[in-house]
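Opening the notebook on a new model today.

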Amino acid sequence: MPLPSEIVLLPFPFTDLSATKRRPVLVLSNSNEQRDFLAAQITSQIQYRPAVSLIAEDFELGRLPKESIVRLDKIFTLSEALIARRVGKLTASGFERIFRAICQQLGCLQR
């Protein structure tokens with residue numbers, strides 16, 4: 001079961017569903033009874049906005065091979081069954097920084 005603040009690798013569909021590519025995502029929630037969890041897309045395409053940069057100090061365990069961002073506009077419900085492997089875990093402060101940015105983007109926190 002993935003835990004919030006973990007980074008996992010899974011086959012991620014292209015938006016047109018034509019194919020998938022293994023990509024990292026940040027786990028945002030615990031899994032529900034159906035073993036689904038919320039996650040945010042991570043990409044090395046750092047030009048996308050809105051986004052939050054991942055920095056070395058954000059990682060408690062592991063790392064990503066390239067400079068990366070968490071996309072604030074790409075939130076998904078995914079099945080635990082898709083997880084290929086775990087690649088890292090963020091510190092509590094790093095996760096909180098990103099989670100708060102997502103909440104601001106969604107309008108669940110006052111700016």
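My entries follow, from the whole chain down to single residues.

**Ground rules**

I am working with a predicted model, where local features need pLDDT of at least 70, side-chain atom pairs count only at pLDDT 80 or more, and totals for chains, interfaces and linings use all residues. I number residues from 1 along each chain as its sequence is written, and side-chain values use heavy atoms, with hydrogens and water left out.

**Overall fold**

I take helices (H or I, at least four residues) and strands (E, at least two) as DSSP runs, numbered from the N terminus. Along the sequence the pattern reads β-β-β-β-β-β-β-α.

Next came the overall dimensions. The radius of gyration is 13 Å, which agrees with the value near 13 Å for a compact globule of 111 residues. My radius is taken over C-alpha atoms, and the globule rule is 2.2 Å times the number of residues to the power 0.38. Along the principal axes, the C-alpha atoms fill a box of roughly 35 × 30 × 30 Å.

How much of the protein chain is buried? I get 41% of the 111 residues, with buried meaning under 20% relative accessible area, exposed over 50% and partly exposed in between (1.4 Å probe, protein chains only). The accessible surface comes to about 6800 Å², and carbon and sulfur atoms hold 51% of that. Those areas come from the Shrake-Rupley method with a 1.4 Å probe; for residues, only the protein chains shown count as cover.

I also checked contacts along the sequence. Of the contacts with a separation of 6 or more, 60% are between residues 24 or more positions apart; contact here means heavy atoms within 4.5 Å.

For charge, I have 15 positive and 11 negative side chains, with the centres of the two sets 6 Å apart. Lys and Arg count as positive, Asp and Glu as negative, and His and the chain ends are not counted. I place each charge at NZ of Lys, CZ of Arg, CG of Asp or CD of Glu.

**Strand pairing**

I call two strands paired if DSSP finds at least two bridges between them. Strand 1 and strand 2 are antiparallel over seven bridges, and Val8 has Val25 in strand 2 as its bridge partner. These two strands make a hairpin with six residues between them, and Leu17 in the turn has a positive phi of about 60 degrees.

Strand 2 goes on to pair with strand 3, antiparallel, by three bridges. There I see Val27 opposite Ala39 in strand 3.

Which strand does strand 3 join through seven bridges? That is strand 6 (residues 68-79), again antiparallel, with Leu38 opposite Thr77. Strand 6 is also joined to strand 4, antiparallel, by four bridges. In that pairing Ser53 stands opposite Ile69 in strand 6.

A reminder to myself: most residues other than glycine have a negative phi, and most peptide bonds are trans. Arg49 and Pro50 are joined by a cis peptide bond, omega about 0 degrees. Pro50 sits in the loop between strand 3 (36-43) and strand 4 (51-54).

Ser5 is not a glycine, yet has a positive phi of about 90 degrees. I find Ser5 in the segment before strand 1 (6-13). Is Ser5 buried or exposed? Ser5 is buried, at 5% relative accessible area.

Arg35 has a positive phi too, near 70 degrees. Arg35 lies in the loop between strand 2 (20-27) and strand 3 and counts as partly exposed at 48% relative accessibility.

**Two residues and their surroundings**

I picked Ala84, in the loop between strand 6 and strand 7 (85-90). Ala84 is partly exposed at 36% relative accessibility. Pro11 is 73 residues away along the chain, but the two C-alpha atoms are separated by 7.8 Å. Leaving aside neighbours within four places in sequence, Ala84 is in contact with Leu9, Leu10 and Arg22.

Last entry: Leu61, in strand 5 (residues 59-62). With neighbours within four places in sequence left out, Leu61 touches Val87, Gly88 and Lys89. Arg35 is 26 residues from Leu61 in sequence and 24 Å from Leu61 in space, C-alpha to C-alpha.
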